[in-house]
Amino acid sequence: SLPIFANVLAIVALDIFVFAVVGMNVFAGIRYGQYLTPDANFDSSGLAVITLIRCATGENFNGIMHDVTIAEPFCVG
């Protein structure tokens with residue numbers, strides 16, 4: 001069962017990487033809020049991966065989701 005676990009882990013890592021790239025394209029440049037901080041954002045690839053892992057484990061997912069749904073006058077780009 002160890003090779004099967006490695007395959008599942010590889011697919012999950014690939015999914016997180018793909019969604020990190022998509023998150024960097026969509027959410028980069030948004031001003032920080034209460035939960036979208038310098039430690040959890042989509043401005044770089046490493047931080048995007050860490051933010052997605054935090055969301056996958058359930059840590060402040062609702063808060064991060066609320067912070068990235070801001071309208072045009074409040075975003076940087």
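**Figure 1. Lining of the largest cavity.** The largest cavity is lined by Phe27, Gly29, Ile30, Tyr32, Leu36, Asn41, Phe42, Asp43 and Val68. The model shown here and in the other views is a predicted one. Six residues of this lining are nonpolar, two are polar and one is charged. The space inside the largest cavity comes to about 30 Å³. One cavity of 30 Å³ or more is present in the structure.

**Figure 2. The whole chain, for orientation.** The chain contains three helices and zero strands, and its elements follow the order α-α-α from the N terminus. Along the principal axes, the C-alpha atoms occupy a box of roughly 50 × 20 × 15 Å. Of the 77 residues in the chain, 21% are buried.

**Figure 3. Helix 2 and its end.** Helix 2 runs over residues 45–56 and has 12 residues. From the first C-alpha to the last, helix 2 reaches 16 Å, close to the 16 Å expected at 1.5 Å a residue. Glycine 58 follows helix 2 and has a positive phi, near 95°.

**Figure 4. The buried side of helix 2.** Ala48, Thr51, Leu52, Arg54 and Cys55 are the buried residues of helix 2. They lie on the same side of helix 2 because the arc they cover around the axis is only 155°. An α-helix has 3.6 residues a turn, so residues three or four places apart point the same way. The partners against which the buried residues of helix 2 pack are helix 1 (2–27) and helix 3 (61–67).

Figure 5. Threonine 51 is located in helix 2. With a relative accessible area of 0%, threonine 51 falls under the 20% cut-off and is therefore buried. When residues up to four places away in sequence are not counted, threonine 51 touches Ala40, Asn41, Phe42 and Ile64. Asn41 and Phe42, both touched by threonine 51, are also among the residues that line the largest cavity.

Technical notes. Residues are numbered from 1 along each chain as its sequence is written. This is a predicted model: local features need pLDDT of at least 70, side-chain atom pairs count only at pLDDT 80 or more; totals for chains, interfaces and linings use all residues. Side-chain values use heavy atoms; hydrogens and water are left out. Helices (H or I, at least four residues) and strands (E, at least two) are DSSP runs, numbered from the N terminus. The expected span of a helix is 1.5 Å times one less than its number of residues. Buried means under 20% relative accessible area, exposed over 50%, partly exposed in between (1.4 Å probe, protein chains only). The arc is that of the directions from the helix axis to the C-beta atoms. Contact means heavy atoms within 4.5 Å. On a 1 Å grid over the protein atoms alone, a cavity is a set of points where a 1.4 Å probe fits but cannot get out, and a pocket is an open set with protein on both sides within 12 Å along at least five of seven lines; lining residues have an atom within 4 Å of a point. Grid points are joined across faces, edges and corners, and a volume is the space filled by probe spheres set on the points. Ala, Val, Leu, Ile, Met, Phe, Trp, Tyr, Cys and Pro count as nonpolar, Asp, Glu, Lys and Arg as charged, and the others, Gly among them, as polar.
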